[in-house]
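Let's walk through this protein together, one question at a time. Keep the picture beside you as you read.

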Amino acid sequence: MTESEKIAKLCEKANVTESEAREILEQVNWDLLDAILLLERQGRLKDASAHYSTQRDESAESGEQASDFKQRASSVGAMLQRAIQVGNANSFVVSRKGKRLFSLSVTAMAILLVCANVWLLIALVAGLFFGLRYSIEGEQLGKPSVNDVMDKAATAAENVRVTVVDSFRDKK
């Protein structure tokens, strides 16, 4: 360990200034343990539980890791709770020819998308070709920009359907 590292370690463990740490380490021939013992004998330790070991302080590191993990888990939990609240306050609405067929909370729709992934997406796209329209209602998610995108998708599907039906009629 270099002299500067010893100074930093003594400052950290014994809560002394760098100049005090350098002075004490010079007195004890740069031996950290002797420096801490000297400070303790002089009554200059601000924390009576100061200690030094050449071993890694795994308990402190694991405590810091556990604390960091708890903090991150709490943050993720809070974000998930907020997302569920927003999802429950907003609805995914399915309608046809201006008539509302049913609605489902956005949270339930998200769970269905996760569970039924590809099949639900295929059903949603197929529904567009059968004249279904989708929208989101609610303060947080029922924005015109979101519903405009859904309307454009429905209009595009309707145009494709009409084009395909017209091409079959022309062949007959």
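A helix has an expected span, which is 1.5 Å times one less than its number of residues. Keep in mind that this is a predicted model.

Q: How far apart are the end C-alpha atoms of helix α5 (residues 106–129)?
A: Helix α5 has 24 residues, and a straight helix of that kind would reach 34 Å at 1.5 Å a residue. The ends of α5 fall short of that span. Their C-alpha atoms are only 22 Å apart.

Q: Is N90 buried or exposed?
A: N90 sits in the loop between α4 (58–89) and β1 (91–96). Buried means under 20% relative accessible area. Because the relative accessibility of N90 is 0%, this residue counts as buried.

Q: Which residue has its backbone nitrogen 3.5 Å from a polar atom of the N90 side chain?
A: Setting aside residues up to four places away in sequence, N90 touches several others, including L104, S105, V106, G138 and E139. One of these has its backbone nitrogen 3.5 Å from a polar atom of the N90 side chain. That residue is E139.

Q: What is the C-alpha to C-alpha distance between A89 and T107?
A: In sequence, A89 and T107 are 18 residues apart. T107 is one of the buried residues of α5. In space, the C-alpha atoms of A89 and T107 are separated by 8.9 Å.

Q: At roughly what angle do the axes of α1 and α2 cross?
A: Two packed helices are described by the distance between their axes and the angle between them. Residues of α1, among them E3 and I7, meet residues of α2, among them A21 and L25. The two axes come within 9 Å, and the crossing angle is roughly 115°.

Technical notes: Residues are numbered from 1 along each chain as its sequence is written. This is a predicted model: local features need pLDDT of at least 70, side-chain atom pairs count only at pLDDT 80 or more; totals for chains, interfaces and linings use all residues. Side-chain values use heavy atoms; hydrogens and water are left out. Helices (H or I, at least four residues) and strands (E, at least two) are DSSP runs, numbered from the N terminus. Buried means under 20% relative accessible area, exposed over 50%, partly exposed in between (1.4 Å probe, protein chains only). A polar contact is a pair of N or O atoms within 3.5 Å; within protein, one must be able to donate a hydrogen and the other to accept it, and residues adjacent in sequence count only if both atoms are side-chain atoms. Contact means heavy atoms within 4.5 Å. Axes are lines fitted to C-alpha atoms, for helices over the stretch in contact, and angles run from 0 to 180 degrees between N-to-C directions.
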